[in-house]
Amino acid sequence: MRPTATVLVYSDDSNTREQVRLATGRRPAPDVPFVEFLECATPAAVVKELDKGGIDVCVLDGEAVPMGGMGLCRQIKDEIFACPPVLLLIGRPQDAWLATWSRADGAVTLPVDPVEFASALASLLREKRALSA
């Protein structure tokens, strides 16, 4: 059986969640595990899944409504013990400072660029693997 990584994807927009899945494919790079997605449309669902454990990386939509991924990222970094790395989807490059404020581990702009996104996700999966070893 192949090892897999679990990626939690939060967005109220199913099209954004689909963009993330399509940009990732089965795995974002040859040297990282295959990916399984766990989709959440509400902040409460994100916290519930993180409390269960087993999440390797979170992808949060900074443009989500009613609670954006930036505020949610800051909340989970404060409240979840050993919070997994967070990749934030931001509306424009000028919002990078807000990603830093939210304590995100990485940020990419919307709409999702498949090459940029896969590279950023693979980088976070490598860091997570290195820390777990």
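In the predicted model, Leu-89 is in contact, once its neighbours within four places in sequence are set aside, with Thr-16, Val-20, Val-59, Leu-60, Asp-61, Gly-62, Glu-63, Val-108, Leu-110, Val-112 and Phe-117. Leu-89 also belongs to the largest nonpolar core, which comprises 21 residues and in which Val-59, Leu-87, Leu-89 and Phe-117 touch the most other members. At least two residues of this core are supplied by each of β1, α1, β3, β4 and α5, and the greatest contribution, of 6 residues, comes from α5. Another core, lying apart from this one, consists of 20 residues, including Tyr-10, Met-70, Cys-83 and Ile-90.

The strands form an open sheet of 5 members in the order β2-β1-β3-β4-β5, with parallel pairing. Because β2 (34–40) and β5 (106–109) stand at the edges and have a single partner strand each, one side of each is left without a neighbour in the sheet. From one strand to the next, the twist averages 25 degrees. Within the sheet, β3 (residues 57–61) pairs with β4 (residues 86–90) in the parallel sense over 4 bridges, and Cys-58 is placed opposite Val-86 in β4.

Two helices may be described in relation to these strands. Helix α1 (residues 14–24) packs on the sheet through contacts with β1 (4–10), β2, β3 and β4, and its direction makes about 175 degrees with that of β2. Helix α5 (residues 114–132) likewise packs on the sheet, where it touches β1, β2, β3, β4 and β5, and the direction of α5 makes about 160 degrees with that of β4.

Notes. Residues are numbered from 1 along each chain as its sequence is written. This is a predicted model: local features need pLDDT of at least 70, side-chain atom pairs count only at pLDDT 80 or more; totals for chains, interfaces and linings use all residues. Side-chain values use heavy atoms; hydrogens and water are left out. Two strands pair if DSSP finds at least two bridges between them. Axes are lines fitted to C-alpha atoms, for helices over the stretch in contact, and angles run from 0 to 180 degrees between N-to-C directions. Contact means heavy atoms within 4.5 Å. A nonpolar core is a set of buried Ala, Val, Leu, Ile, Met, Phe, Trp, Tyr and Cys residues joined through side-chain atoms within 4.5 Å. Buried means under 20% relative accessible area, exposed over 50%, partly exposed in between (1.4 Å probe, protein chains only).
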